[in-house]
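Here is a short briefing on selected features of one model.

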Amino acid sequence: MKAMQQVCVLGATGSIGTSTLDVLARHPERFSVFALSGARSVERLFEQCRAFRPRYAVMVDEAAANDLRGRIKGAGLATEVLSGAQALVEVAGHADVDIVVAAIVGAAGLPSALAAARTGKRILLANKETLVVAGGIFMAAVRRGGATLLPVDSEHNAIFQALPREFVGDLEAVGVRSLWLTASGGPFRTLAKEAMERATPEQACAHPNWVMGPKISVDSATMMNKGLEVIEAHWLFNARADQIRVLVHPQSVVHSLVEYRDGSVLAQLGTPDMRTPIAYALGFPERIAAGVDGLDLFKRGLSFEAPDLERFPCVRLAFQALESGGAAAAALNAANEVAVEAFLARRCGFGAIAAAIEAVLDRLAGHAAGSLEDLLEADRAARSAAREFLDAARS
Ligand code: NAD
Ligand code: MG
């Protein structure tokens, strides 16, 4: 490994992005920031450019890019500002980049993650939607491009840590019986169904253990986050649906578990702080400091319970999409993105999220899925079907 690693942080202005920069700042002798990106938060990206002096800054929004350009110039920084979605693909695949942190939210993160895979980078994957939409194509690109894929999602990072190093995609061969994904249960874990129907975006985003972006916060409240993670685990670890189990664990201390054939269960534990899996993936196979406090097990009890699939139908819908295969997971993800956005904008109720996804899954069941273009077409069709469903439900 080179002494100084060049890092491209996509989605730098978000929750995972800022946690990543916090870890990078602790290791200036090891990592240098090559590029940072944000959708439209100019102020935050400007401050990050001032602190980390990247070669490139990408703003997806053109007007925001112009604004940032003015500020960068005014501050006398050498950072070059690029704009548009294509620029994300260019910086992710740039020949000088060693590590790509894929922390954009939603299917919008797919093209740049794919570019990193095709150009053989070390990919720190936070953007689970990439695997949900196009897992087969992405994993093939990782193999062909000679990329190193390290999961940042805390559950998958925990499983990665609890699997033996010699694991190369055959769970049977290393004696694994099941992968157990833990879920906090979110802010509505104990709420009655009727009260969930009336839930507001503020209530849905008030997660008990993690501070995250708005989309994944709502995903945690519906438990679709766990559903997406089931599909993510399928692709990352080549696990069948019947090898993946979901376990509610309200304290978010046990980040996930691997159950072996002999009855052994290995888990990874820690304070709920995303800097731990980020630092693990940045330093792998070395352990580097993350700024995270030690875990005080004297202060916390650990408890576990079964998920309530009646109040959280999204978990069931994700398993259904995984078993259907084809474009079902891409359709599930797209419908979810549209419905979550509508819920956050108060254009639909909380219960409409799962209802919209279910309706879209039924409609798009037989959609073609042979190529990336097919999947992107399924994504578009699912988005418009979800909008139609939500419009009809309102009128
Ligand atoms: P966030 O909303 O805080 O940040 C998202 C980032 O993506 C921002 O930098 C934003 O500017 C950028 N972005 C938004 N839309 C974009 C678009 N259309 N094109 C390009 N960039 C765009 O989200 P987050 O919580 O940091 O989550 C990021 C990803 O990591 C998600 O896929 C999420 O599921 C995953 N993840 C997050 C956490 C967490 O603790 N926050 C944990 C595990 C996985
Ligand atoms: Mg997670």
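Helices α4 (residues 85–92) and α5 (residues 110–118) pack with their axes 8 Å apart, at an angle of about 20 degrees. Angles under 35 degrees count as roughly parallel, so α4 is roughly parallel to α5. The model is predicted.

**Packing of α4 and α5**

- The crossing of these two helices, α4 and α5, is right-handed.
- From α4, the contact draws on L88, V89 and A92.
- From α5, P111, S112, A115 and A116 meet them.
- How do the residues of the contact of α4 with α5 divide into nonpolar, polar and charged? Six are nonpolar, one is polar and none is charged.

**Packing of α2 and α3**

- Helix α2 spans residues 42–52, and helix α3 spans residues 62–74.
- Their axes lie 10 Å apart, and the packing angle is about 35 degrees.
- The crossing of α2 and α3 is right-handed.
- On the α2 side, V42, E43, L45, F46 and C49 make the contact.
- On the α3 side, the contact residues are A64, D67, L68, R71 and I72.
- The contact of α2 with α3 has seven nonpolar residues, no polar ones and three charged ones.

- Ligand 1 has 24 residues around it.
- Which of them come nearest? They are T13, S15, A39, E129 and G213.
- G11 has a polar backbone atom 3.2 Å from an oxygen atom of the ligand.
- A126 also places a polar backbone atom by ligand 1, at 3.5 Å from an oxygen atom.

**R261 and its contacts**

- R261 sits in the loop between β10 (254–260) and β11 (265–269).
- Leaving aside residues up to four places away in sequence, R261 touches E172, G175 and R177.
- What does the side chain of R261 reach at 2.8 Å? It reaches the backbone oxygen of E172.
- L361 is 100 residues from R261 in sequence. In space, the C-alpha atoms of R261 and L361 are 35 Å apart.

**Backbone exceptions**

- Most peptide bonds are trans, and most residues other than glycine have a negative phi.
- The peptide bond from F284 to P285 is cis, with omega near 5 degrees.
- P285 belongs to the loop between α12 (275–283) and α13 (313–324).
- M223 has a positive phi, near 70 degrees, and is a residue other than glycine.
- Where is M223 found? M223 lies in the loop between α10 (214–222) and α11 (224–237).

Note on methods:
Residues are numbered from 1 along each chain as its sequence is written. Chains are lettered from A and ligands numbered from 1 in the order in which they are written. This is a predicted model: local features need pLDDT of at least 70, side-chain atom pairs count only at pLDDT 80 or more; totals for chains, interfaces and linings use all residues. Side-chain values use heavy atoms; hydrogens and water are left out. Axes are lines fitted to C-alpha atoms, for helices over the stretch in contact, and angles run from 0 to 180 degrees between N-to-C directions. Helices (H or I, at least four residues) and strands (E, at least two) are DSSP runs, numbered from the N terminus. Angles under 35 degrees count as roughly parallel, over 145 as roughly antiparallel, 65 to 115 as roughly perpendicular and the rest as oblique. A crossing is left-handed if the near helix is turned anticlockwise from the far one by less than a right angle, and right-handed if clockwise. Contact means heavy atoms within 4.5 Å. Ala, Val, Leu, Ile, Met, Phe, Trp, Tyr, Cys and Pro count as nonpolar, Asp, Glu, Lys and Arg as charged, and the others, Gly among them, as polar. A residue is near a molecule or strand if one of its heavy atoms lies within 4 Å of it. A polar contact is a pair of N or O atoms within 3.5 Å; within protein, one must be able to donate a hydrogen and the other to accept it, and residues adjacent in sequence count only if both atoms are side-chain atoms.
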